[in-house]
Amino acid sequence: MGKFVIKKTNTGVKFDLKASNGEVIATSEVYSSLDACKNGIASVQKNAPVAAVENQTVEGYATEKNPKFEIYQDKAGEYRFRLTATNGQTIAASEGYKAMAGCQNGVESVKKNAPDAEIVEE
């Protein structure tokens, strides 16, 4: 089972969603407060299981409604995803993946792990 790990940074608080093997599968922005960070986690837990997947690497891709996972390629050519809430705000983002399949597995892992993940503060 996955877990949300809340960490303090120099400028605020952020979370990582980790899979059961300890790999980070998604990361948040830096929030100004612990409460705001916990609200971000609640938003991921609520939105991830129902989010559509919009593959922006395909020419003429269909635009999905929020909440959604947006799969895209970064400047280095790696595949990444971001989860946007119903209001269009990005609530979690991935690391770069060399292969599209890895990125798609990351999306599925967030969908599977986020809803029941325990929340741990470090």
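Two strands count as paired if DSSP finds at least two bridges between them. Strands themselves are DSSP runs of E with at least two residues, helices are runs of H or I with at least four, and both are numbered from the N terminus. Keep in mind that this is a predicted model, in which local features need pLDDT of at least 70, side-chain atom pairs count only at pLDDT 80 or more, and totals for chains, interfaces and linings use all residues. Residues are numbered from 1 along each chain as its sequence is written, and side-chain values use heavy atoms, leaving out hydrogens and water.

Let's start with the hairpin of S5 and S6. There are five residues between its strands, and glycine 77 takes a positive phi near 85 degrees. S5 and S6 (residues 79–84) run antiparallel, paired over six bridges, with lysine 68 standing opposite threonine 84 in S6. S5 also has a parallel partner: four bridges join it to S4 (residues 52–55), and here glutamate 54 stands opposite glutamate 70. Five of the six residues of S5 (residues 68–73) are buried, so the strand is largely enclosed by the rest of the structure; buried means under 20% relative accessible area, exposed over 50%, and partly exposed in between, using a 1.4 Å probe and protein chains only.

A cis peptide bond joins it to asparagine 66, with omega about 0 degrees.

Now for helix H1. Cys37, Gly40, Ile41, Ser43, Val44 and Asn47 are buried in H1. Looking down the axis, these buried residues fall within an arc of 160 degrees, so they line one face of the helix; the arc is taken from the directions from the helix axis to the C-beta atoms. The face turned away carries the exposed residues Asp35, Asn39 and Lys46. What do the buried residues of H1 pack against? They pack against S1, S2, S6, S7 and S8 (118–121), where contact means heavy atoms within 4.5 Å.

Val44 turns up again in the largest nonpolar core, which has 29 residues; Val44, Phe81 and Val110 have the most contacts inside it. Such a core is a set of buried Ala, Val, Leu, Ile, Met, Phe, Trp, Tyr and Cys residues joined through side-chain atoms within 4.5 Å. Helix H2 gives the most to this core, with four residues.
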